[in-house]
Amino acid sequence: MGSYIPATGEERQAMLQAIGLASTDQLFDVVPASVRVKALDLPEGLSELEVSQEMAGMASKNRVFQHVFRGAGAYRHYIPSIVKTVTNKEEFLTAYTPYQAEISQGVLQSIFEYQTQICELTGMDVSNASVYDGAVAAAEAVFMCQERKRSGVIVSGAADPQTLAVIQTYCESREVPVTVLPVDGCATDPAALKAVLAQDTAAVYVQSPNYYGVLEDMEALVAAAHEAGAKVIMGANPISLGLLKTPGEYGVDIAVGEGQPLGMPLSFGGPYLGFMACKQAMMRKLPGRIVGETTDAEGRRCFVLTLQAREQHIRREKASSNICSNEALCAMTASVYLAAMGPRGLRQVAESCAAHAHYLAGELAKLGFALRSGEKPFFHEFLTSSPVEPEKLRAVLEAQGILGGLPVEGGVLWCCTELNTKADMDKLIAVIGEVLGR
């Protein structure tokens, strides 16, 4: 086995002498001795074979379910083999994909293609090169909407709780007031939104399909917010946009969301991808990187980083964000997935998700699992009541190799994708029927 040593002992000593020090320890004299760690309690190093065996042993403890009926922000979809074939090429798959993208026309073009696809998917004018995840995208969008006389944000109570938590954390750092709008029947009430809109409301964040899977009345919500002078941020599931109206068609100002469904596996929680797109009027506030197309000195098509609102490139007090990077490899994954599927394929996936979810909801209703959302339309997730204690049901299903819906608010949040076959759903129903003694 070997290790990477950046400098030899002689080289380190020469550097110390050049700055007038006798030892490396003197570099840390300013740090109180009481908080300095003298030695780390680390085990001895292992060979590559030993590390591989130990990691395999740890991995064997993971339980991977073949039958999954859970979403709540991370979704199990089929990933065409071409996605990994392309993104695993060594030109793209690096240890740090890559920080100084402006030196690589290939990477810049891949980001430009991604931005174009996100604009086509969302119906918006401009996209950035991505941010860290969907929750960060939502919080960054809130900051985009802040103005001198408007700083408050209203967040629908039907938004993903994790997204809400990130928005609240962001806003606390800048003393931006956050109002959480309570929901009734798993959806946002436009009349209730009108009642809380104020003159200083800068933005309204609504997720559709929302956390409970319900499709919000976006036309009415957008109209109410715009009438009060507030911007609208819409959180969207990208797969649903293959079937449903786009944020652009609803007239929202900023579209954000979690890009994980676009070719990324669940991966125990990441890395994922936050997409952001907006109308042209707001593009100078869009955080992170934006790649633009231009021509070089010889008139050839080329790509450059442009219009960056991050603090590295403009005066800090004018920056809308301090995000200085992007999820380049994840963005390329989404781009390859979208190219492989095409509009027709994406629509087929969305239709399958919706059809499977509605079939399952109907079968569960026969067993007493009533929809909490009533007659409201939903995409591929839905919240039901439960005639059996949700945690007990979860345990029984897991014992049968099934990851059931997520226990939420005394009920169960179910999800279906194109990977949930009728046989899978019928097996789920049969197991639940046994639990209920049917």
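Colleague: How are helix 4 and helix 10 oriented to each other?

Modeller: Two packed helices are described by the angle between their axes and the distance between the axes. This is a predicted model, in which local features need pLDDT of at least 70, side-chain atom pairs count only at pLDDT 80 or more, and totals for chains, interfaces and linings use all residues. Residues are numbered from 1 along each chain as its sequence is written, and side-chain values use heavy atoms, with hydrogens and water left out. Here helix 4 (residues 105–122) and helix 10 (residues 328–365) pack at about 40 degrees, their axes 9 Å apart. Helix 4 and helix 10 are therefore oblique to each other. Angles under 35 degrees count as roughly parallel, over 145 as roughly antiparallel, 65 to 115 as roughly perpendicular and the rest as oblique. The axes are lines fitted to C-alpha atoms, for helices over the stretch in contact, and angles run from 0 to 180 degrees between N-to-C directions. Helices (H or I, at least four residues) and strands (E, at least two) are DSSP runs, numbered from the N terminus.

Colleague: Is the crossing of helix 4 and helix 10 left-handed or right-handed, and which residues make the contact?

Modeller: A crossing is left-handed if the near helix is turned anticlockwise from the far one by less than a right angle, and right-handed if clockwise. The crossing of helix 4 and helix 10 is left-handed. Ser110, Glu113, Tyr114, Gln117 and Leu121 of helix 4 meet Ala331, Met332, Ala334, Ser335, Leu338, Ala339 and Leu346 of helix 10, where contact means heavy atoms within 4.5 Å. By class, that contact of helix 4 with helix 10 has 8 nonpolar, 3 polar and 1 charged residues. Ala, Val, Leu, Ile, Met, Phe, Trp, Tyr, Cys and Pro count as nonpolar, Asp, Glu, Lys and Arg as charged, and the others, Gly among them, as polar.

Colleague: Is Gln117 buried or exposed?

Modeller: Buried means under 20% relative accessible area, exposed over 50%, and partly exposed in between (1.4 Å probe, protein chains only). Gln117, in helix 4, counts as buried because its relative accessibility is 16%. Leaving aside neighbours within four places in sequence, Gln117 is in contact with Ser335, Leu338 and Ala339.

Colleague: At what angle do helix 11 and helix 12 pack?

Modeller: Helix 11 (residues 390–399) and helix 12 pack at about 125 degrees, with axes 11 Å apart. That makes helix 11 oblique to helix 12. The crossing is right-handed. Leu393, Val396 and Leu397 of helix 11 touch Leu428, Val431, Ile432 and Val435 of helix 12. The residues of this contact divide into 7 nonpolar, no polar and no charged. Ala430 also lies in helix 12 (residues 422–435), and Ala430 is partly exposed, with a relative accessible area of 42%.

Colleague: How do helix 5 and helix 6 cross?

Modeller: The axes of helix 5 (residues 134–144) and helix 6 (residues 161–173) come within 8 Å and cross at roughly 40 degrees. That makes helix 5 oblique to helix 6. Helix 5 passes helix 6 in a right-handed crossing. By class, the contact of helix 5 with helix 6 has 10 nonpolar, 3 polar and 1 charged residues.

Colleague: How many helices and strands does the protein chain have?

Modeller: The protein chain has 12 helices and 14 strands. Buried residues make up 47% of its 438 residues.
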